[in-house]
Structures are given as C-alpha cells and as structure tokens.
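Here are my notebook entries from a first look through this one.

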Amino acid sequence: MKKVFITGEDGMLAREIEYQLNVDNEYSVINGSNTNHIPKTFKTRYSWTPEFDIRNYEEVKKYLSNADIVLHTAAICGSDKCIEDIELTKECNISGTLNVAKVCLENDIKLVYFSTTAIYDPYRTSYLGKTIFENSPQLPITYYGATKQAGESIVRSLLPKDKLLIIRPCFIYGSARDTSSNISKILYSLLSNEKLTFLINPELRKDYTFVGDYGRALKLLLDMNVVGDFNISAGQPIVYGDIIKIIEAVTERTILIDYVPEKDYLGEHLVDNSKICRLGWSPLVRLQKGVAQQWEEIQYVKILGSR
C-alpha cells in the first residue's frame with residue numbers, strides 16, 4: 001500500500017482526490033482531513049497533528065518524510081486572490097513549493113505538483129486560433145500564473161524525471177468548496193442577488209472540467225505510475241454567454257453580471273486533453289449536470305449553516 005500525503009487537503013481538488021484514492025486498498029492517505037489551505041496565515045491543519053506551516057522547511061520535513069507520494073495541491077489560487085496579498089502568495093506558492101520539493105528529493109518521494117494552465121500565454125496561442133498543448137509557449141500574464149510557473153521550475157530543477165508528475169487543470173468546478181471558479185462565484189451570488197463584474201468577453205469560449213472527472217484523471221495517472229506533465233480539460237469549450245444561459249436554466253434564476261471584455265486576459269482558453277485521453281481517460285460529466293450538482297451542494301451547505 002502506497003502512503004500518500006496531500007498538502008492543502010481541505011481544498012476542493014484535494015478532497016476529491018482523497019475520495020478517489022479511498023475507493024480501493026492501494027493507497028493510504030496518511031494525513032487528516034481538517035485542512036484550510038487559503039487562510040490569512042498560510043498554515044495547514046490536520047486532525048491528528050499540530051498545525052504546521054508549509055513555509056517552514058523543518059515542519060514540512062517532519063510531516064512529509066514518511067510518504068511514498070506527495071500530492072502538492074496547497075497554494076493560494078486564483079488571480080484575484082493572489083493579488084490581495086502578493087507577498088503571502090509568493091511565500092506559499094514558491095517558497096512552500098521549494099520546501100516540499102526538497103523534502104521529496106531528500107527522502108526519495110514521488111511528487112505530484114499541481115500547476116495551472118494559467119502558465120500559458122493566451123495571446124500567443126489561443127487568440128491566434130490555436131489550442132494549448134503541454135509544450136505550448138509559457139509566458140503567464142497574471143501573478144498567479146507566474147508563481148505557479150516558478151513552482152514548476154523549482155520542482156523540475158530539483159527532482160529526477162522519474163519522481164515528478166506535473167498536472168495542469170483547466171477551470172475546475174463542481175463543489176461547495178470551490179471558491180475560485182467563476183461558476184462558483186456566480187452560484188454563490190445567486191444566493192444573495194449580488195451583481196458581479198467579470199473581466200470576460202462573453203463571446204469567447206472557456207472549457208470547464210468537473211472536479212470528479214479531474215479526480216479520476218489523477219487516480220489513473222497514479223495507478224499507471226506515470227511521470228511527465230499533463231494538461232487536463234474537459235475538451236468541451238463553450239461560448240461564455242452560453243455558459244451563463246446553462247447556469248440560469250439549471251438554477252431557474254437570472255444572473256446579474258457586467259462584462260469587461262477588453263480585459264479578458266484568458267482569451268479563448270482552449271486546452272488539448274489528448275495526452276491524458278490516450279491513457280484511457282475521458283470526461284463523464286457535462287457542464288449542465290456538473291452545475292446542477294454544485295448548485296445542489298451549495299444550497300445544502302447554506303441550509304446547514306442557517307441551522
């Protein structure tokens with residue numbers, strides 16, 4: 001049985017991955033399940049350990065050294081959240097990643113580093129009608145993308161190729177724990193009739209991947225002991241204005257939103273998924289079904305919180 005340690009385990013991706021790994025007896029997730037990975041002070045808490053700070057190398061070493069595989073999901077995520085505290089984002093996404101990579105190197109641990117498709121330059125690729133592949137040019141234009149690209153450089157420089165897997169998710173959604181995606185922001189805004197402003201051109205396409213499909217992809221890569229880098233997307237880009245219509249149909253509510261199309265820095269974010277699909281993976285949950293599931297979960301959480 002392989003011992004797996006997940007950093008940032010309270011996040012949407014990490015929780016889904018833990019669920020996927022627990023369906024069989026090949027993996028043992030050796031940390032607890034009470035983690036908050038986007039707090040004001042970046043600390044990771046587990047039910048059976050004292051809290052530890054991922055920016056502190058000695059603490060990271062203490063808790064990660066016994067793992068066979070480390071899934072490094074902990075990060076300040078989202079372009080808007082990152083610019084709220086640039087220094088903290090740098091410490092977490094870059095310094096924290098360096099600590100994790102060093103511990104993995106020193107203890108012969110396989111590292112799965114969770115990056116982002118925001119490391120690519122959409123103006124060089126997507127705006128020219130091209131699809132983003134794993135080897136497409138990288139030139140991030142957001143601070144979030146820049147810190148995650150720096151993280152990739154760190155893990156590549158420290159770890160041997162046979163001990164490193166890099167995953168780049170594209171627009172993950174599908175859980176009440178989702179605090180970053182625009183779909184989540186829209187659904188939560190519907191609870192309060194809040195009007196939103198998005199730096200998005202509603203005539204361009206975006207490609208959202210349901211968190212359960214993402215978890216299945218990660219488990220497949222672990223089961224096959226794959227290394228290298230993989231972009232993971234649904235491969236089903238939809239014009240953003242039509243995404244809004246789908247959400248309105250599912251929720252039976254009107255979305256209040258202002259667009260600022262000239263500041264749409266992601267452009268037509270079209271990410272190829274053929275590399276992971278060649279291994280036998282394919283997305284199962286289409287957007288309408290995924291939004292319905294997330295909306296149901298968000299409303300359930302609201303009911304629980306009001307009791």
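Helices here are DSSP runs of H or I with at least four residues, strands are runs of E with at least two, and both are numbered from the N terminus. Most residues other than glycine have a negative phi.

**Ground rules.** I'm working on a predicted model, where local features need pLDDT of at least 70 and side-chain atom pairs count only at pLDDT 80 or more, while totals for chains, interfaces and linings use all residues. Residues are numbered from 1 along each chain as its sequence is written, and side-chain values use heavy atoms, with hydrogens and water left out.

**The whole chain.** I counted ten helices and 14 strands. Of the 307 residues, 54% are buried; buried means under 20% relative accessible area, exposed over 50%, and partly exposed in between, with a 1.4 Å probe and protein chains only. For contacts (heavy atoms within 4.5 Å), I looked at those with a separation of 6 or more: residues 24 or more positions apart account for 79% of them.

**H4 itself.** I checked the length of H4, residues 86-106. Its 21 residues should span 30 Å at 1.5 Å a residue, and the end C-alpha atoms are 29 Å apart, so the two agree. The expected span is 1.5 Å times one less than the number of residues. Which parts of the chain do the buried residues of H4 pack against? I found helix H2 (57-64), strand E5 (69-72), helix H3 (79-84), E6 and helix H5 (143-158). Among those buried residues are Leu88, Cys92, Asn93, Val100 and Cys104.

**Cysteines.** I searched the whole structure for disulfides, taken as pairs of cysteine sulfur atoms within 2.5 Å, and got zero. For Cys92, the nearest cysteine sulfur is that of Cys82, 9.3 Å away. Cys92 counts as buried because its relative accessible area is 1%. Cys170 is buried too, at 0%.

**H2.** I listed its buried residues as Tyr57, Val60, Tyr63 and Leu64. They cover an arc of only 140° around the axis, so they lie on the same side of H2; the arc is that of the directions from the helix axis to the C-beta atoms. An α-helix has 3.6 residues a turn, so residues three or four places apart point the same way. On the face turned away from the buried side I found the exposed residues Glu58 and Lys62.

**Charges over rings.** I also looked for NZ of Lys or CZ of Arg within 6 Å of a ring centre and within 35 degrees of the ring normal. Tyr57 has the charged end of Lys102 over its ring, 4.7 Å from the centre. Phe230 has that of Lys275, at 4.6 Å.

**Aromatic pairs.** Rings of Phe, Tyr and Trp (its six-membered ring) pair if their centres lie within 6.5 Å; planes under 30 degrees apart count as stacked, over 60 as edge-to-face and the rest as tilted. My search of the whole structure gave four pairs. In one of them, Phe114 and Tyr214 are tilted, with 6.3 Å between centres and 50° between planes. That pair links distant parts of the chain: Phe114 is in strand E6 (residues 110-114) and Tyr214 in helix H7 (residues 211-223), 100 residues apart. Are Phe114 and Tyr214 buried or exposed? Both are buried. I also noted one aromatic cluster, formed by Phe171, Tyr173, Tyr208 and Phe210.

**H7.** Ten of its 13 residues are buried, so H7 is mostly covered. Including Tyr214, the buried list has Val211, Asp213, Lys219 and Leu222. H7 reaches 18 Å from its first C-alpha to its last, close to the 18 Å expected.

Just after H7, Asn225 takes a positive phi of about 55°; its place is in the loop between H7 and strand E12 (228-232). Asn193, in the loop between helix H6 (182-192) and strand E9 (196-198), has a positive phi near 60°. Asn193 is exposed, with a relative accessible area of 62%.

**Leu287.** My last stop was in helix H10 (residues 287-306), where Leu287 sits. Leu287 counts as buried at 9% relative accessibility. Beyond its neighbours within four places in sequence, Leu287 touches Tyr173, Ile183, Tyr208, Ile238, Ile243 and Ile246. Leu287 and Tyr173 are 114 residues apart along the chain, yet their C-alpha atoms are separated by 9.5 Å.
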